Structure formats: structure tokens, C-alpha cells
Amino acid sequence: MNAPHIDTNVPHPARVYDYWLGGKDNYAADRAVAEAVMAATPGVVTGARENRAFLGRAVRWLSDQGIDQFLDIGTGIPATGNTHEVAQGLNPAARVAYVDNDPIVMVHARTLLKSAPEGRTTYIEADLRRPQTVLDHAEVRATLDFSRPIAVIIVGTLMHIRDEDDPWAAVKAYTDATVPGSYLALTHLTADFEPEKMGALADSYNTGPLLVTNRTAEQVMRFFDGFQVVEPGLVWAADWKHFGVLPPDAVRGAYGIVGKKI
Ligand SMILES: C[S@@+](CC[C@H](N)C(=O)[O-])C[C@H]1O[C@@H](n2cnc3c(N)ncnc32)[C@H](O)[C@@H]1O
């Protein structure tokens, strides 16, 4: 592995999110953006943690459906409840391929590669907008068997992809590579529930090199063409198969949804 190039003067989405999750892998430039967004949109920290909690619930539910292979795109800096930890906690033979384009994630790849001996994990640095580089990657092919169902997990990530870069085509390329019975799980920022707060979030986040895009229910549903959306459908991510008390202070700023390829 080459030493990754980390520019600490430029904010990165993985490090801004790490700050909100209470991590230590962030720098002044990241914290400046994170704090500006917190001032503009109170509740964003709880919202970020709820996004992370969705990941855990989705992976547990998918494991319960018998899924033992996961392609986790937009992995982020390792935090509590990484996909392989949740999946292998239930089935040690589970296999996970992680993908992110932020070099800082590579620094922590060791955590992502700590697989149960019965299973396998891998991490590759790649851009989700170039699906073929991910799908043809030797590590991904050695980890996942595309002739069996795979869950494609893209949590808290597609909002960083502009419309011009056609995130729908990219997601379709990943899901087209999977067999029927596979799943797609994602969360996506939206201003549908709380337009003012989420408009303020995008405005405060998008002042420098970073970008987030809120998307509507109709735009999020377009990722699920050819899928059967599972219960409870397209809902606030914090509410997806969540049976406890919902945090009253979280901004209702993201959809969570899981679908099965038919
Ligand atoms: C908010 S974090 C989400 C992390 C994790 N999936 C979670 O939900 O806890 C978004 C991640 O997407 C990654 N990301 C953004 N654009 C990407 C791209 N074009 N290709 C791959 N990863 C990308 C960022 O580097 C960051 O790690």
C-alpha cells in the first residue's frame, strides 16, 4: 500500500462526519465545516448518529434474510459498528468489500480488514462514480461471489454525488452486477421533512470544496427501479425498523430504504 496523501487543510466529508460521530480523525478545516453546519442546523449531530444506527439495523436485518456478502460503498472512517463487525457478529463467514475515495480511510484500513477467520473483508480506494473500476477490481472479485446474492450498501454517501455525475447510473451499474435476491440499502439526505433546516444544512456545508445535495422522495425512489422495497418503505432513516424511542432532537434530514432485486 502506498502512503496516502492527506491534505489536512482541505475539509473532507469522511472527516466532517467523523467529527459528528465523536471520532478523532478530523482536522481544523473539517471541524470548521462541521461546526458551521451544527450552528445552521441544530440536530445534525444526532442525525449523523441516526444515519450510522440505520447502517447497523440494515446489516442486521439483511443478515437475518440470509445475506452474507456486502459491498459497502462510501465506507467512511471506521466507527462503532462497521459493516463487517455487525455482519460477522451474526455470521462469522460473512464477506465484505469496502470502497471509499478518501485517502484517510486507507489509513484505517487495518480495522476494516480485521476479519473473522471464517469470512473475508477487503478495502479498496476507488470512486463510486466509476463502477467498473470497483466491479472489476481483483480484491472485490476475490471477496464477493457475484453469482450469489449481495447487499449493496451505500449509506450517507450518494448526497455527495452531483446530478451531473448521474448517481442513478452508477448505482444501477452496481445492482446490475448482482443476481436477483440481492439487496440495495441506502440513506440519502432530503429536505422533504424539514425544508428550512435541511436547506440551511446544504447552504452551510456547500460553502467550500464540499457538496451535499438534498433529494426528494421521487429522486431517491429512482435508485430502486427493478426492486421490491421492503417494509416499512421509504421513511425517515431513524425510523427504519426502529422500535425504540426516536431522538426528539434529531433533524429529520435523511431517508432510509432497503429494496430486494426481483
Ligand atoms: C458521511 S460518510 C458515510 C460513512 C458510512 N457509510 C456511514 O454511513 O456511517 C460519506 C462517505 O462517502 C465517501 N464518498 C464521498 N464521495 C465518494 C465517491 N465519489 N466515491 C467513494 N466514496 C465517496 C466519503 O469519503 C465518506 O467516507
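**View 1. The shell around the ligand.** In this predicted model, 19 residues surround the ligand, the closest being Tyr17, Arg52, Gly74, Asp100 and Val155; a residue counts as near if one of its heavy atoms lies within 4 Å. Local features here need pLDDT of at least 70 and side-chain atom pairs pLDDT 80 or more, while totals for chains, interfaces and linings use all residues. Residues are numbered from 1 along each chain as its sequence is written, and side-chain values use heavy atoms, without hydrogens or water. The shell divides into 6 nonpolar, 8 polar and 5 charged residues (Ala, Val, Leu, Ile, Met, Phe, Trp, Tyr, Cys and Pro count as nonpolar, Asp, Glu, Lys and Arg as charged, and the others, Gly among them, as polar).

View 2. A ligand nitrogen atom is 2.6 Å from a polar backbone atom of glycine 74. An oxygen atom of the ligand is 2.6 Å from a side-chain N or O atom of aspartate 100, and a ligand nitrogen atom is 2.9 Å from a side-chain N or O atom of aspartate 127. The protein covers 97% of the 600 Å² of accessible area that the ligand has on its own (Shrake-Rupley method, 1.4 Å probe). Helix H1 (13–21) and helix H3 (44–64) are the elements that give two or more residues to the shell; helices are DSSP runs (H or I) of at least four residues, numbered from the N terminus.

**View 3. The two sides of helix H2.** Ala29, Asp30, Val33, Ala34 and Val37 are the buried residues of H2 (buried is under 20% relative accessible area, exposed over 50%, with a 1.4 Å probe and protein chains only). Seen down the axis, these buried residues fall within an arc of 135°, so they line one face of H2; the arc is taken from the directions from the helix axis to the C-beta atoms. On the other side of H2, Ala28 and Ala39 are exposed.

View 4. Methionine 198 lies in helix H10 (residues 195–205) and is buried, at 0% relative accessible area. Its C-alpha atom is 29 Å from that of lysine 260, 62 residues apart along the chain. Threonine 143 belongs to helix H8 (residues 138–143) and is buried too, at 2% relative accessibility.

How values were computed. A polar contact is a pair of N or O atoms within 3.5 Å; within protein, one must be able to donate a hydrogen and the other to accept it, and residues adjacent in sequence count only if both atoms are side-chain atoms.
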